[in-house]
Amino acid sequence: MTSSQLDKMRLELRRGVLVLAVLASLKQPHYGYSLRKQLQDRGIDIDEGTLYPLVRRLAEQGLLDSEWQQAEGRERRYYLLSEQGKELLLQLTDEWLQLNSALAPLLTESKKLSQSPEHNQSGETE
Amino acid sequence: MELVERYVAAVKRELPESKRQEIGRELQANIMDQLDALREQQGQLSEDDVAAALKQMGRPRTVAYQFVPPKALVAAEDMPLLKHTLYMVLGVLFVVQVIGATTHWLGSSDGHVIRFLLQLAAGFIADACFAFTAIVLSFAAINGTGHKLGHCPGKDWSPKQLPKADLGWQHIDLSDIFTDLATCIFLLIVIWYPLWVNPAEFAARSVTFTDAALLMLQWFSPVIVLSVLLSLWQLQRRIWNRSLLLGSIAVNAAFAVFLVTLALSGPLLQAGPTELKSLFTVLQLEQGLRYGLLITACFPGYEVVRDLLRLKHLN
C-alpha cells in the first residue's frame, strides 16, 4: 500500500471518529484553540483546518450552542454541547461501543494470524 | 498583527458575502490564540514567525474552502439523470436537425451532399451547445433550491423485469434508437420530396427519380413509418423482448427485400431539364445507386439474422 493510499484511508477512518471526539469534548465549554489543545493532550491530533470548520458545521446543525465572550482582553467564541447534541452523543457513543466491541476481537485475531509463523510461511510459498 | 488582518481579509474575500464577517471574526480569534501559544513557547514573535505560522495554516482560498466547501454545479446523485436527459434531448435535436437539413437540401438546386452534411453538423452543434447549457443550468438552479432530482422514486419496478445477466445485448442503446429514427425520417423526407420542394425548384433539378422508382419508394413508406413506431417503442421499453424482436425482424426483412428489389428493377434515375454539373453521368450515378442499394440491403439482412439468433436465445 502506498503512503497516499494509507493517508486517504486514515482520513476516512478518522472523519467519523473526530465528530464523536469533538462532541464528547464539548461537554465543557471550549473555544477553538482550547478545544484543539484538549484533543491534542488526549492523543487526538487534529489540524486547525479540519477542526474549526467541523465545529462550525456541528453548530450550524444545532448540535452545539455558541457564545462570544471577552476573556484576557480578547473576544473568543465558546462552544458547548446543546440538548440535541447531548442526545446524539449518547446514541453515537452506544453505536461506537457496540462497533468497537465487535471490531476489537476481529482485529486482534487478524493481527495474531498475520504474525503467526505458519501464515508467514504460506505467504512466502505463495 | 497587520499580517493576520491581511490574511483574514484574504480568506474573507473567498467566502460568500453572508458568511464573511462571522467566519472572519472567528478565524481571527483562533489565529490570535495560536500566536499567543507560540509566543509562550518562543518569546516575542517577529514578522517572519507570524508569516510562517500563517503559511502553515494554508492558502487563504484553501482555508475558505475548508469553512465553506465549493458546491458542484450539479449534485452527484443527479448526474445519471442529467446524462440521461442530455442523451434524450440531443437525440431529439439530431432528428429535428436531420428533418430541417434534409428539407433545405432537397429545396436547393445543386443537391450538394457535402454541403448537406456540413449544414447538418453545424446546425446540430449549435443546437446541442444551447441545449447542453440550458439543461445543466436548469439542473444547477433546481439543485440550488436544495432539491435533488435523483431522489425521485420513478415508476415501480421488479427484479423479474430485469434482462438476463448473460444476455448483454438485451439493453437497447439510446444512440442506436436515435440513429434509426433519424435514418427513417431522412428517408421519408427524401421519398416525399415533391411535397416539400416547390415546383420551380423541382423542375430545376438535374437528376430525379424515375416515376416508377418514386412510386415504389412511396408504396414502401408505411414500412418506414412502422420502423419509426418501432424505434419509439424501443425508446419506451429500452430492453429487447420477444415482441420487439419480432417487429424488428419483420421491418428489417421488408427493408432488405425492398432494397434488393429496387436495385434490380428498371431505371431508377432520370436526367432533369438542367444540365448535370458533375464528374459522373446519369448512367454512372444509376450504377452507383444500384450497388449502393445492394450493399445497404446487407445491413437489414444482417439484423434479421442477428435478431433471429437473439430470439432463439431468448426462448
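Predicted model: local features only at pLDDT ≥ 70, side-chain atom pairs only at ≥ 80, totals over all residues.
**Reading two chains, helix by helix**

Colleague: How do I read the sides of a helix? Which residues of α2(A) are buried?

Modeller: An α-helix has 3.6 residues a turn, so residues three or four places apart point the same way. In α2(A), the buried ones are G32(A), Y33(A), L35(A) and R36(A). Buried means 20 or more other C-beta atoms within 10 Å of the residue's own, with C-beta atoms placed from the backbone; 12 or fewer is exposed, and in between is partly exposed. Those four lie on the same side of α2(A), because they cover an arc of only 160 degrees around the axis, judged by the directions from the helix axis to the C-beta atoms.

Colleague: What do the buried residues of α2(A) pack against?

Modeller: In chain A, α1 (3-25), β1 and α3; from chain B, α2 (20-42) joins in.

Colleague: And which residues of α2(B) are buried?

Modeller: I23(B), E26(B), L27(B), Q28(B), N30(B), I31(B) and D33(B). They pack against α2, α3 and β3 of chain A, along with α1 (2-13) and α4 (60-67) of chain B.

Colleague: How many residues of chain A are in contact with chain B?

Modeller: 11 residues of chain A meet 12 of chain B, where contact means C-beta atoms, placed from the backbone, within 7 Å. On the chain A side, α2 (32-41), α3 (48-60) and β3 (74-81) each give two or more residues. The largest share, 5 residues, comes from α3(A).

Colleague: Now the sheet. In what order do the strands of chain A run?

Modeller: Strands of a sheet pair through backbone hydrogen bonds, either parallel or antiparallel. Here 3 strands of chain A form an open sheet in the order β1-β3-β2, with antiparallel pairing; a pair needs at least two bridges found by DSSP. β1 (30-31) and β2 (64-71) of chain A are at the edges with a single partner strand each, so one side of each has no neighbour in the sheet. β2(A) and β3(A) share 8 bridges, and W68(A) stands opposite R77(A) in β3(A).

Colleague: Which residues of chain B does UniProt list under "transmembrane region"?

Modeller: The unreviewed UniProt entry lists 86-106, 118-142, 177-196, 216-233 and 245-268. Positions are in the numbering used here, feature names are shortened, and annotations may be inferred rather than shown by experiment. In the model, residues 177-196 of chain B are 95% helix and 0% strand, with end C-alpha atoms 26 Å apart. Residues 245-268 of chain B are 83% helix and 0% strand, and their end C-alpha atoms lie 32 Å apart.

Definitions and conventions. Residues numbered from 1 in each chain as written. Chains lettered and ligands numbered in written order. Contact = placed C-beta atoms within 7 Å.
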